[in-house]
Amino acid sequence: MTATSVDVGSAAPPPHPVSTLVDALVRDGGAFRAALLDAPPRALVRTLVVVATLGCASFGAVVGSSRGGAQIVFAAVKLPLLALGTLALSMPAFLAIAKASELALSRQAVVAVSLGAAARFALVLAGLAPVVWLAEGAFGYHAMVLCVTACCGVAGIAGASLLFRSLTVAGRWGRVAGVGFVLVFGVVGAHVSWMLRPFLVHPTTSSVPFVRPVEGDLFRAVARSLGSVVSPRRGDERP
Amino acid sequence: MTSRGFVHSVSLSILRLAAFGAAASLGRPLGSVLRGAVSAPLLFAGGAALAAPTLYLASALGGIAASPSATALRAESALSTVGTLAWGLVVPAAFFSVTLHGATAVALAAVVSALLGVVGVLRFGWDALDFRAQDKAQLLALAWLVTAFGLGARMLWVVGRGLVGGAS
């Protein structure tokens, strides 16, 4: 009996490359970071883009499900656009920061590390998607806005930790460069998310546009949502 | 570095800063774009030029061997770092200037300009002065730092309004 189970175990097929990549991303292993920094193969970069897209899309679909209908598809399309669009807009700044910080990194390595961080961000978001779905049944609209923001914060910390660990070994100013990367990505991402809103729609909204016209900015809207949670009477206003 | 290399590096930095200034004012009337393209190099290159004499003075009085030409090279290096960063920020700056308006846009432009200035000041003085010494050299280094930040703030107020105001 024991011998049979040992045989079955030894005959098990090796894990799929994507499964290995997901595991390496979540665990943030040193070998994986080394692979990102040392001439990353094109296939790895492609897979990171796919992982980032799928992870963000699944989280977006769950966020959109609070209203249902077309919003599920809209949010599933817009969240990957948000992550990868922000990365594309921020990449020239990342390359400049890496150069100004005198990091021993090629352009390809900077791109790969940034994509790795984005993919880890997306994986954590995908992992937190069921929590958001659970919260949808218990919380009101404005509390859900804060819940989704908190999930993005947790995923952001996970992505940033991979970034910092990778950059720290690349030079004495690696940590400073990491702060620069996070600042640029955070500010650009906040504004892109504002432009691509709505992601989370009030359940009573009758029709939902793919994007709303550009007006105001995220920073004022977050302040308003915080005010609504503290004093719910003002919560009818929609950002 | 040869004098030709020095001029080339400074010119490149000025061009990069001009591109950043123009990008930060895109989506505004042409006059604002031109004002931004002039203000950004003036702000950072002018700031480096104003901070250089006091840096030389502080290092000479602090007993650090640094000739005026070495100080000029440090200014060029700091300007090059700021120019590289500004060049990298051209795309985000253009994106924000086209899509973000009002007080938040002005605040963002001011904060980014101030951060670039802080990087430039630290890059300029960090290796030239001895911040870890326990004597007069440390006092002079700190005095220079305060002076440099003061000069930067004044430059931002006087010249940078062309850049920051372009976003309003």
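User: Which side chains meet in a salt bridge in this predicted model?
Analyst: Side chains of opposite charge can pair when their charged atoms come close. The criterion is a side-chain nitrogen of Lys or Arg within 4 Å of a carboxyl oxygen of Asp or Glu. A search of the whole structure finds 1 salt bridge over all chains. With an N to O distance of 3.0 Å, the pair is B:R123 and A:E102.

User: Where do the two partners of this pair lie?
Analyst: The pair crosses between chains. B:R123 belongs to helix α5 of chain B. A:E102 lies in the loop between α5 (70-100) and α6 (107-136) of chain A.

User: What is phi of A:E102?
Analyst: Most residues other than glycine have a negative phi. A:E102, placed in the loop between α5 and α6 of chain A, is a residue other than glycine with a positive value. Its phi is near 55 degrees.

User: What is the area buried between chain B and chain A?
Analyst: The size of an interface is often given as the accessible area lost when the parts come together. Here the contact takes 18 residues from chain B and 21 residues from chain A. Carbon and sulfur atoms give 73% of the buried area, which is about 1500 Å².

User: Which three residues supply more than any other three of the area that chain B buries against chain A?
Analyst: The share of these three residues is 27% of the area that chain B buries. They are B:F95, B:F96 and B:T104.

User: How do the residues of the side of chain B that touches chain A divide by class?
Analyst: Between the two chains there are 3 residue pairs in polar contact. On chain B, helices α3 (68-88), α4 (90-99) and α5 (103-126) each supply at least two residues of the touching side. The residues of that side divide into 10 nonpolar, 6 polar and 2 charged.

User: At what angle do helices α7 and α8 of chain A pack?
Analyst: Two packed helices are described by the angle between their axes and the distance between the axes. For α7 (residues 141-168) and α8 (residues 174-195) of chain A, the axes are 8 Å apart. Their crossing is right-handed, and the angle is about 145 degrees.

User: What classes of residue make up the contact of α7(A) with α8(A)?
Analyst: From α7(A), the residues include A:L163, A:F164 and A:L167. Those of α8(A) include A:R175, A:V179 and A:F181. By class, the contact has 8 nonpolar, 3 polar and 1 charged residues.

User: Which peptide bond is cis, with omega near 10 degrees?
Analyst: Most peptide bonds are trans. A:P198 is in the loop between α8 and α9 (218-230) of chain A. The cis bond runs from A:R197 to A:P198.

Note on methods: Residues numbered from 1 in each chain as written. Chains lettered and ligands numbered in written order. Predicted model: local features only at pLDDT ≥ 70, side-chain atom pairs only at ≥ 80, totals over all residues. Heavy atoms only, no water. Contact = heavy atoms within 4.5 Å. Buried area = accessible area lost by both parts, 1.4 Å probe. Polar contact = N/O pair within 3.5 Å; in protein donor to acceptor, adjacent residues only side chain to side chain. Helix = DSSP H or I, 4+ residues; strand = E, 2+ residues; numbered from the N terminus. Nonpolar A, V, L, I, M, F, W, Y, C, P; charged D, E, K, R; others polar. Axes fitted to C-alpha atoms, helices over the stretch in contact; angles between N-to-C directions. Left-handed = near helix turned anticlockwise from the far one by under 90°.
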